[in-house]
Every structure is written in structure tokens, then in C-alpha cells.
Amino acid sequence: MLWKLLKYDLRAMWKQFSLIWFAALALALVNRFTIDGRNSSSLIGEDTAGLLLMLLGMVFMAMFATTAVFVIQRFYKGLLGDEGYLMHTLPVHAWQLVASKLLCAVLTFTASVAVSFLAMFLMVPFRWDDLSKLSGLFRILLQGAARHPSMLLFVLEALVLLFSCLILGVSMLYLAMALGHLFHRRRALMSTAAFLGLSVLLTQFYVRLNGWSAYRLLTRLLSANDHTALWGGIAVLLLPAAVFLAAVSWILSNRLNLE
Amino acid sequence: MSDFMIESWGLTKTYGWRTALCGLDLAVGRGRIVGLLGPNGSGKTTLIKLLCGLLRPTSGQLAVNGMPVGPETKAQVSYLPDRMYFANWMRAVDLFDLFRDFYRDFDYNRALEMCRSLGVEPKDRLKAMSKGTKEKVQLVLVMARKAQLYLLDEPIAGVDPAARDFILRTILTNYNEEGTVLISTHLITDIEKVLDEAIFLKEGKVLLHETVDNLREQEGKSLDDLFRELFRTEPTKGEHL
């Protein structure tokens, strides 16, 4: 059922982002030739090239702003607005609805970052003979990875850490919206206040956790190994996220008020 | 499988200090078309929302087909809310896909057929459809299922008399006859002829629950007249200066 929900959320994501992603890639491709054109006088002048580069920057900004708005809107409208009449009457558990929105949010951010990197790659002018240099670079990277396989694990762990940060942020947003929804009036204002309150609470949690001697001992033990240190960091991020998500699921299944 | 489609014992729902349903004891059988009748604020929508799992009871128990309300009962309930629940980016066919994914009893081809007969183009964007057409799409989604329990919240409110007939005809020609249909409304005259049973709600309590034939026989009047008698309120007298 989670996959089916995700399919629906991803379809909504695609409808909203396909245009902006293609615009970013298309503009990057155009910039690839105009940047090249600055060095060897081309059809497009330097001013136009600068303008196009600025336009690409604006598309990037719009893309990340739209991503943030999309994450908020998909949760608020989809589960706490009129669309909730459809979603909450589907034969699924509340946690599945929340998990689907969260996965979709993480995938949307990831896709936007991937599009940004791809756009930058497209923008850099390269020649075919550069490819041979690139293949040499990849060969060195692969040889290095073969000699030190733990490096790949580090990269993977660093990615999990980044995703954990994202999950914590999104789950805090979700809980703030769910708490704001418990009020009958001024729900947006209450959600904002809840977000600020949760931020303070989270900071206090980390401050108190650091002051706890058992935690300090555990941190020292984990720090003995770089991998365990990273996984410790991931756990510290995911623990409050799990609490936030559990609270959201509880509110949606026990205190839902779509009026 | 339970003998009753809907059962409740001491069902109570409060919103803050306000009590919407107060100790409701109810048993509704299978294969019935039941009218949930009462004035505004009598608890009709609250009862329907409890049945489809949008709300949780404050106290008491509620069962649909012998099971407490949850994902299993939601799979058997087809719910028509009193508002639009569409996302703007969708087309009717997107919703049909969604329903096919989640409800085993959803008949995709029947939904397309119903669209054709109702003059709805299923590939049009919902954003571009008129309010009436959107209502038709929502009706198609509900009636293209072979559900055990249909919960129709004010399906004929706010539409002209011709449209009311049309909606009722669509419901009557498409519902699963082994299932139960619960229609909430205060427009009694229009639905009286199709009802098997009537539940009169007043201030969150069941005032009367009887078959329509028995009510007509015992009371010697139409449901509409009975409704007017039960819920009559005297207008306040204004002071003339």
C-alpha cells in the first residue's frame, strides 16, 4: 500500500516539477554554448550570456523554493485540507500516509539536487578529447576505491547522514503543521508557532543530551571508529525524527479535524 | 460476516465542549437504503465521518460489518463527502487509477461507462471542469464500486430539482444491492420514495429509527410531514415599536 501511495505522490511531484527541471536543464545547455561564446566570439554577446546565466541562477532558486513549498503543500493540502477526505478514507494506516509524503519529499529534494548537478555538468563546455582525461580520472578513482574499500562506505554513510538531516527537518515541519491543525482558528499562525517551539525543543534536547554523562561516554566509545561515529550521528538525528513522525501519525489517526 | 452493516453502542463524539453525538445505539442491516434525517447540526455528518474513519469516537463503540473502523472497513466503505476532494493537477482517469489501486471492488470500465452516460470526458483536467461536472466525477468514483456500505453525505444538497433526480437515479441504478446505502439529507421529499428505513437524529440522539413502511402505517403521514412535525421550531416573535 505504501508503494501505491508513493506512486500517487510521485505523480503529483512529476506534474509540478517536470517543467521546472526541464527548464533548468535546457537553460544550462543554452548557457553551455554562451559561456563558450565568451571565449571565442560567437553569435551571442557577452551581455546576453550573462543574462542567461543569471536566468539559470533564478531557475535554480525557483526550483528550491518550489521544492520547499511543494513539501509543505503536499502534506498540508493532501492530508489536512479537503484532499484529506480522499486520503484518510483510503484503506491504509495514517503512518503509511505520512511515510509516503516523507519519502516523496526526500525524493523531490534529491531529484532537485541531482538536476542542479546535471545542469552544472551540462553547462561546462567540454571537448571529446576531455573524455579520455575523464576516463583516466575515473580509473584512478576506481583504483583508489579498490585499495581502500572503506572510502565507498564513508561516502555512503555521509549520504545517509545528509538524508537524516533532511528527514529530521521535514518531520519537524510535518509535526508543526499537524499541531497547528489541532486549533480551530489561525492554523497557519499556530503551525509557525509550533515550528519555532519545536526548534527550541530540539535544541534543548541536544544540549541536554550532550550534558548527559552516559551519552558522552557513548560518544567517546563511538568516536574510536570513524564509521561508528558517523552512525552515532545518524542515530542522534533520526531518533527525534522518529518521535516527530510517530506524533504526526498519532494526531492524524486520533485527532483529525478536517473542518 | 456480521448480521448488521452498522452497529454502535453508546457512541459519543464531542468537539471541545460541544457534544455532536450522545450515546448513540444503532443497528442497521444489510441491503437497505437508509435515510439519515435531521436538521443542520443534528450529528448526521459526524456519524458518517465516524463510519468512514475520518473521526474517532470520544467514547462508545462503532462497528462496520462487525469490525471496528480501520483500514479493513475503509476498504468496504464508499464515501461521498459534502465537498470536493480533488487535487487540481488530476484528471478523472488519474482518480480512477488511484481507486483501482486501492479498492478491489472498483470497476474501472464501469466508471468509464458512467462517465460516458453522464457526459463527462474522463481525460479532461478536473481544474477545467465545472462544479457540476466535478460532482458527477465524485459520484462516479463512489458508485463504480461494489461496496458493502455507501455513505452519501448530502448528495443532493445545493443542486436544482432536475439534478437531484439525476443524482438519485445514478445512485439507484448503480449501487451494490447486497450493500447498505446510508444517505444523509434534510431534503426528504426527494428521497422518500427510495428509502427502506429512516433514522431521525436530533441533537446527537436517535429520535426514531423505523422502516419507512411502518412509519407511514403507524403515523399515517409522509416522511416529509413527520420530519416537519418532529423538527418544527417556532419563529421568535419580533417586538413592534
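Which element gives the largest share of the nonpolar patch? In this predicted model, where local features need pLDDT of at least 70, side-chain atom pairs count only at pLDDT 80 or more, and totals for chains, interfaces and linings use all residues, the answer is α5(A), with four residues. Residues are numbered from 1 along each chain as its sequence is written, chains are lettered from A and ligands numbered from 1 in the order in which they are written, and side-chain values use heavy atoms, with hydrogens and water left out.

The patch lies on the surface and is formed by Leu118(A), Phe121(A), Leu134(A), Leu137(A), Phe138(A) and Leu141(A), which together have about 580 Å² of accessible area. Patches are built from residues with over 30% relative accessible area and no salt bridge, joining like charges within 9 Å and nonpolar side chains (Val, Leu, Ile, Met, Phe, Trp, Tyr) within 5 Å. Accessible areas come from the Shrake-Rupley method with a 1.4 Å probe, and for residues only the protein chains shown count as cover. Two or more residues each come from α4 (94-123) and α5 (128-147) of chain A. Leu134(A) sits in helix α5 of chain A and, at 30% relative accessibility, counts as partly exposed (buried is under 20% relative accessible area, exposed over 50%, partly exposed in between; 1.4 Å probe, protein chains only).

Chain A has nine helices and zero strands, taken as DSSP runs numbered from the N terminus (helices H or I, at least four residues; strands E, at least two). The radius of gyration of chain A is 23 Å, well over the 18 Å that the globule rule gives for 259 residues, so chain A is more spread out than a compact globule; the radius is taken over C-alpha atoms, and the rule is 2.2 Å times the number of residues to the power 0.38. The C-alpha trace spans about 65 × 50 × 35 Å along its principal axes. Of the 259 residues in chain A, 38% are buried.

Turning to the partner chain, 27 residues of chain B are in contact (heavy atoms within 4.5 Å) with 25 residues of chain A. The two chains bury about 2600 Å² between them, 61% of it on carbon and sulfur atoms; buried area is the accessible area (1.4 Å probe) that two parts lose on being put together, summed over both. Between chain B and chain A there are four salt bridges, defined by a side-chain nitrogen of Lys or Arg within 4 Å of a carboxyl oxygen of Asp or Glu. Asp97(B) forms a salt bridge with Arg11(A), with the closest N and O atoms 3.6 Å apart.
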